[in-house]
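Let's take a walk through this model, starting with a sheet and ending with some charged pairs. Keep the 3D view open as you read.

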Amino acid sequence: MVSTTAAPDPHSGITAPAALADREPRVPAEQLVAELVPPPRFDAVRFATYVPDPHQPSQAAAVEALSGFAAGLGGPAKDGGRRRGLFRRAPRTPARTTPRGVYLDGGYGVGKTHLLASLWHATDAPAERKAFGTFVELTNLVGALGFQQTVATLSGHRLLCIDEFELDDPGDTVLVSSLLSKLVGHGVALAATSNTLPGKLGEGRFAAADFLREIQGLAAHFTPLRIDGEDYRHRGLPKAPAPRTDEEVTRAAYGTPGASLDDFGDLLAHLARVHPSRYGAMCEGLTAVALTGVRPVPDQSTALRLVVLADRLYDREVPVLASGVPFDALFSEEMLAGGYRKKYFRAISRLTALARDAGRLVPAS
């Protein structure tokens, strides 16, 4: 049930906010393919808008390397620029002898996604011939289309960018590695990011070694680019804002056109009924998300669904105003020490940034 704690008088003429828990979008396979572009947050990013930290020379070096990589991907499309139909069999093309790929290796918030999206924008190819998606979105695409049709759909692309390559799910890693092997055979260039664990930032190429080992047969096609630095989302910023009261959250939701308002428990239950591939569509059009009663998530499956929602909200720059526990208390110590810890730390970082954005929704007292 949606919380209405201290809500305005229903006879006041104020329209009650919608609830995420009432949204159950249906997303056709064609739309999943068409949406493989950088998310709205990264529509305008370019290499020129990335500001390297002068104390981290690896950042400027990565910009230079990726700019050269993009320049090397130019050239006419193989079929003259015609877009292949979604369900048309892809013609076989000769494999390149030295397929190119880059892997951006670094910690949280050093701008890897900014650089990956900049590479997508800088590559001289029409939008339908280059794809950008998270690891989860790619596995969802395979689930929707099937493996062979996904190969057929993406094999005519010049570039495939994979953000947040997940190394913690062996089954999905093998699936995507097999997909990439097929695409490399069709001459598709690859670029990927993944996160170094917070406790491993001083251990050189920890993430790169893991990544290259997991994609065994593709390792020779990737050049690791190390990007050092602090999390820009929190660099020089004040401490994460404290949670609001139920009353503040509810009033802010009623006073913000296009906001949603949900009880946290109801939202978690709803996420279990909606496939994660539809979470992006579920967030479309929202100006803010208001949550009452935020509390630690009860289990791993619920936590992983929440991570996907956090990613989709962050992609769309939707501020999140919440009451209850702070976002850094969402996941148990056991979860943060387990195999999915990279996802949980990313979610905490992104939700904290969105919570700061939501501060403007509550009038200063």
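Start with the open sheet of three strands, ordered E6-E7-E8 and paired in parallel. Strands here are DSSP runs of E with at least two residues, helices are runs of H or I with at least four, and both are numbered from the N terminus; two strands count as paired if DSSP finds at least two bridges between them. At the edges sit E6 (259-263) and E8 (320-324), each of which pairs on one side only. Ignoring direction, neighbouring strands of this sheet are turned by 10° against each other on average.

This is a predicted model, so local features need pLDDT of at least 70 and side-chain atom pairs count only at pLDDT 80 or more, while totals for chains, interfaces and linings use all residues. Residues are numbered from 1 along each chain as its sequence is written, and side-chain values use heavy atoms, with hydrogens and water left out.

Now zoom in on E6 and E7 (residues 288-294), which pair in the parallel sense over five bridges. Leu261 stands opposite Ala290 in E7. Helix H9 (residues 264-271) packs on the sheet, touching E6 and E7, and its direction makes about 95° with that of E6. Contact means heavy atoms within 4.5 Å, and angles run from 0 to 180 degrees between N-to-C directions, with axes fitted to C-alpha atoms (for helices, over the stretch in contact).

On to the charges: the whole structure has 12 salt bridges, each a side-chain nitrogen of Lys or Arg within 4 Å of a carboxyl oxygen of Asp or Glu. One of them joins Glu284 to Arg316, with the closest N and O atoms 2.8 Å apart. This pair links distant parts of the chain: Glu284 lies in the loop between helix H10 (279-283) and E7, and Arg316 in the loop between helix H11 (300-315) and E8, 32 residues apart. Glu284 is partly exposed at 43% relative accessibility, and Arg316 is partly exposed at 21%. Buried would mean under 20% relative accessible area and exposed over 50%, with partly exposed in between (1.4 Å probe, protein chains only).

Arg226 and Asp228 form another salt bridge, at 2.9 Å between the closest N and O atoms. Here Arg226 is buried at 14%, whereas Asp228 is partly exposed at 28%.

Finally, how confident is the predictor? The chain averages a pLDDT (confidence in each residue, from 0 to 100) of 81, and 78% of the residues score at least 70. Over residues 76-99 the pLDDT is below 50. Where pLDDT is low, the predicted coordinates should not be read in detail.

Methods. pLDDT = per-residue confidence, 0-100.
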